[in-house]
Amino acid sequence: MTSSPAPRVTIGLPVRDGGAFLAEALDSLLAQSFGDLEVLVLDNGSSDDTPRIAAAAAARDDRVRYLVNPRDLGVSRNHNRAVRLARGELFKWASHDDVCEPDLVRRCVEALDADPGVVCAYARAVDIDEQDRRGRIWPPRPALSDADPVRRFRDVLDNRNKMYPLFGVMRRAVLERTAGFGHHHGGDRTLLAEVALRGRFAEIDQPLFLRREHARRASRARGGPHHAVRIWRPERAGRVWNFPYLAHLAAILAAIRRAPLTSSQRWRCYGYLPRWVAQEDFLAKLAYDVAIPARPLIAAALRGYGRLRRHQSDEELEPA
């Protein structure tokens with residue numbers, strides 16, 4: 001039995017309990033005008049309709065590969081596994097709740113073929129709600145197309161919660177030279193920053209990426225980064241010694257060290273970080289990192305002090 005030839009594009013779709021929107025997302029990917037692709041669905045332990053929807057898509061279209069993880073790998077490992085299993089020369093992530101217009105992949109591939117210096121091609125984004133009603137169109141990002149890697153890097157850091165270029169089409173060889181999704185809250189941001197340091201982006205000036213805004217988006221995990229550990233690194237859920245903000249900063253520093261930059265460019269990146277740390281209130285966040293695991297230690301110390309004071313009071317009350 002011979003294996004089928006590798007497709008030009010692999011679309012990785014990591015998912016957990018995405019049944020509400022998964023069918024529409026898959027339909028939009030399989031309806032792409034660029035047909036030389038595979039869709040890799042990685043189910044991270046879903047308990048809703050996700051298995052039924054994904055299996056049905058795989059049964060009707062042999063371009064769909066549906067795999068179920070043996071356990072909950074967390075967001076970052078599931079995303080990185082999609083890259084490891086990809087067969088295509090080009091790679092695109094997809095989300096179970098977003099929708100792609102039919103020409104998105106074709107336009108991105110054309111942009112990559114037209115310019116070998118481009119490492120990622122992406123389309124403008126438009127918000128949709130749970131009923132597919134369109135909202136705001138996200139503004140263009142000209143800095144990501146700049147020849148200066150430092151300007152591209154700064155654009156990623158400055159545009160918090162605007163990570164939609166990560167859902168463009170990338171050169172897999174470039175992506176594999178990065179650290180991938182970091183195992184921390186904001187891992188998408190550190191990855192996009194590292195890709196931006198490695199090459200220019202091409203923006204398709206049409207809103208072909210429909211970004212669904214709804215209350216159950218993974219990025220809206222309640223409780224902040226410390227509680228989001230259960231999503232990114234489930235094996236560490238419940239542990240107090242988690243430092244998500246410190247991990248985010250460390251990943252940014254590591255991305256700068258790994259990137260193929262000149263000494264001047266590298267130091268300009270380092271030089272920008274104090275401003276970024278200040279505007280992100282990172283010092284307060286790092287203090288919060290330390291305060292969370294310190295709370296049980298402080299509480300234990302206070303309880304011990306209270307017991308000691310009670311013991312001393314009891315001794316004072318004993319008759320001579």
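## Close-up views of a predicted model

**View 1. Asp17 has a relative accessible area of 36% and so counts as partly exposed.** Keep in mind that this is a predicted model. Asp17 sits in the loop that runs between strand 1 and helix 1. Its backbone is the thing to look at here: phi is positive, at about 55 degrees, even though Asp17 is not a glycine. As background, most residues other than glycine have a negative phi.

**View 2. Asp132 is another non-glycine residue with a positive phi, this time of about 70 degrees.** To find Asp132, go to the loop between strand 6 (118-128) and strand 7 (134-137). With a relative accessible area of 35%, Asp132 is partly exposed.

**View 3. Helix 1 (residues 22-30) and what lies over its buried residues.** Leu22, Ala25, Leu26, Ser28, Leu29 and Leu30 are the buried residues of this helix. The cover over them includes strand 1 (9-15), strand 2 (37-43), strand 3 (64-68), strand 4 (90-93) and strand 5 (99-100), along with helix 2.

**View 4. Ala56, a residue of helix 2 (residues 50-60).** Ala56 comes out as partly exposed, since its relative accessibility is 36%. Look across to Tyr66: ten residues separate Ala56 and Tyr66 in sequence, and their C-alpha atoms are 9.6 Å apart in space.

**View 5. Helix 5 (residues 149-158) is mostly covered.** Seven of the ten residues in helix 5 are buried, and they are Pro149, Val150, Arg152, Phe153, Asp155, Val156 and Leu157. So who does the covering? Which elements are included in the cover over the buried residues of helix 5? Helix 7, strand 9, helix 9 (244-258) and helix 10 are included. Two of these neighbours get their own views below.

**View 6. Helix 5 against helix 7 (residues 187-198), with axes 8 Å apart.** A quick reminder: two packed helices are described by the angle between their axes and the distance between the axes. Here the angle is about 165 degrees, so helix 5 and helix 7 run roughly antiparallel. Their crossing is right-handed. On the helix 5 side, the contact involves Pro149, Arg152, Phe153, Val156, Leu157 and Asp158; helix 7 brings in Arg189, Leu192, Ala193, Ala196, Leu197 and Arg198. Sort the residues of this contact by class and you get eight nonpolar, four charged and no polar ones.

**View 7. Helix 5 against helix 10 (residues 263-279), with axes 10 Å apart.** The packing angle is about 20 degrees, which makes helix 5 and helix 10 roughly parallel because anything under 35 degrees counts that way. This crossing is right-handed. Helix 5 puts in Pro149, Val150, Phe153, Arg154, Leu157 and Asp158, while helix 10 answers with Gln265, Arg268, Cys269, Tyr272, Leu273, Arg275, Trp276 and Gln279. By class, the contact of helix 5 with helix 10 has eight nonpolar residues, two polar and four charged.

**View 8. Phe167 and Phe209, a stacked ring pair.** Searching the whole structure turns up seven aromatic pairs. How far apart are the ring centres of Phe167 and Phe209? They are 5.6 Å apart, and the planes meet at 15 degrees, so the pair is stacked. Phe167 is found in the loop between helix 5 and strand 8 (169-171), and Phe209 belongs to strand 9 (residues 200-212), so the pair ties together parts that are 42 residues apart in sequence. Is Phe209 buried or exposed? Phe209 is buried, because its relative accessible area is 4%.

**View 9. A cluster of aromatic rings.** Ring pairs join Tyr122, Trp138, Tyr164 and Phe201 here.

**View 10. Stepping back to the whole chain.** The protein chain has eleven helices and nine strands. Of its 320 residues, 49% are buried. Take the contacts in the chain with a separation of 6 or more: 77% of them are between residues 24 or more positions apart.

Definitions and conventions
Residues numbered from 1 in each chain as written. Predicted model: local features only at pLDDT ≥ 70, side-chain atom pairs only at ≥ 80, totals over all residues. Heavy atoms only, no water. Axes fitted to C-alpha atoms, helices over the stretch in contact; angles between N-to-C directions. Helix = DSSP H or I, 4+ residues; strand = E, 2+ residues; numbered from the N terminus. Parallel < 35°, antiparallel > 145°, perpendicular 65-115°, else oblique. Left-handed = near helix turned anticlockwise from the far one by under 90°. Contact = heavy atoms within 4.5 Å. Nonpolar A, V, L, I, M, F, W, Y, C, P; charged D, E, K, R; others polar. Phe/Tyr/Trp six-rings, centres within 6.5 Å; stacked < 30°, edge-to-face > 60°. Buried < 20%, exposed > 50% of the residue type's maximum accessible area, 1.4 Å probe, protein only.
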